[in-house]
Amino acid sequence: MSLTPIAGHPGFPDHNKLRDKITVASLRERKLRHEPLTCLTAYDYATARVVDEAAIDMILVGDSLAQTMLGYENTLSVTMDEMLHHVRAVRRGVKSALLLADMPYGSYQVDPNDAIRNATRFVKEGGAEVVKIEGGEKRTDLIRRIIDAEIPVAGHIGLTPQSVNVMGGYKVQGKDLGAIEQLMRDAVALDHAGVACLYLEGIPREVAAMITAEVGTPTIGIGAGPECDGQVLVFHDVVNLTFGPPAKFVRRYGDAAALITQAAQAFRADVKSHQYPSDEESYHLPKGTKAALETVLERKRAMRR
Ligand code: KIV
């Protein structure tokens, strides 16, 4: 395998040399300056490195890796150990972006002490800088306790995928007055609890705009309209590696499925037609060894005659 540094490659600016480390404090400064924040998910070293070097502000090791990387049906089955494995790989690829890790289902709902232990593992063993927890008002005590353990927490409200069975599917949330009022209460409660940022997923643009105006913490939207302080997308959605019709809010910026298919098919065709590898792609014996080998082989041939 060959490992070529991406940074410094002609035509690929080395953003790490140009930009400062993104921190929890800098997220708030960006909100105050109305500078949009960018966040993408990443689950492995190579993608994390490319995304970081593309100057994305925040990299989230989302529990969406359950579907994108591991092929599970939803996020409910992914475990702490599986998440940690990916967080460590991403950590090795990230220099400047803020690194967030999703607390998987079951890692914080059962027992607050377990939750703190699991959050600590993400920081200590995984190198995460922020942990993300789904849920509103009901999570505030837990969030305060995790912050007390010196771990910044990101909130996540609206369409929270870990509640898929309670919601009865992946449905846009906050569509009636009661639901809007609850979302506002959730957002304000999490803001007061001190979240580092607040992910807003699958809610009407108007509601996300109200929340963004109301809270001091930066809001990061996914399917929540343009008024959020920042936007997040799942990397596999962005590059067409999700094998299905995209959600309404997804914009595809590339077609990795087509690129990989084309590369795999071209490799296959070259091997089948003996076009790969060529002589230039092969190693050769040193001249002296080659001559000695010829002599040995010739002697063997002569003895057989
Ligand atoms: O797991 C994930 O990818 C997420 C984002 C959609 C915010 O939580």
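**Reading charges**

Mentor: A salt bridge here is a side-chain nitrogen of Lys or Arg within 4 Å of a carboxyl oxygen of Asp or Glu. This is a predicted model, where local features need pLDDT of at least 70 and side-chain atom pairs count only at pLDDT 80 or more, while totals for chains, interfaces and linings use all residues. Residues are numbered from 1 along each chain as its sequence is written, and side-chain values use heavy atoms, with hydrogens and water left out.

Trainee: Is Arg305 buried or exposed?

Mentor: Buried means under 20% relative accessible area, exposed means over 50%, and partly exposed lies in between (1.4 Å probe, protein chains only). Arg305 has 70% relative accessibility, so it counts as exposed. Glu298, at 37%, is partly exposed.

Trainee: How many salt bridges does the structure hold?

Mentor: Side chains of opposite charge can pair when their charged atoms come close. The structure holds 19 salt bridges. One of them joins Lys31 and Asp229 at 2.7 Å, N to O. That pair links distant parts of the chain, 198 residues apart: Lys31 is in helix 2 (residues 24–32), and Asp229 is in the loop between strand 7 (219–222) and strand 8 (230–233). Helices (H or I, at least four residues) and strands (E, at least two) are DSSP runs, numbered from the N terminus. Lys31 is buried at 12% relative accessible area, and Asp229 is buried at 13%.

Trainee: Where do Asp114 and Arg117 lie?

Mentor: Both lie in helix 6 (residues 112–124), 3 residues apart, which is about one turn of the helix.

Trainee: Which residues gather in a patch of negative charge on the surface?

Mentor: Patch members have over 30% relative accessible area and no salt bridge; like charges are joined within 9 Å, and nonpolar side chains (Val, Leu, Ile, Met, Phe, Trp, Tyr) within 5 Å. Asp and Glu count as negative, Lys and Arg as positive, and His and the chain ends are not counted. Here Asp270, Asp279, Glu280 and Glu281 form the negative patch. Asp270 lies in helix 12 (residues 256–272) and is partly exposed at 34% relative accessibility.

Key: Accessible areas come from the Shrake-Rupley method with a 1.4 Å probe; for residues, only the protein chains shown count as cover. The place of a charge is taken as NZ of Lys, CZ of Arg, CG of Asp or CD of Glu.
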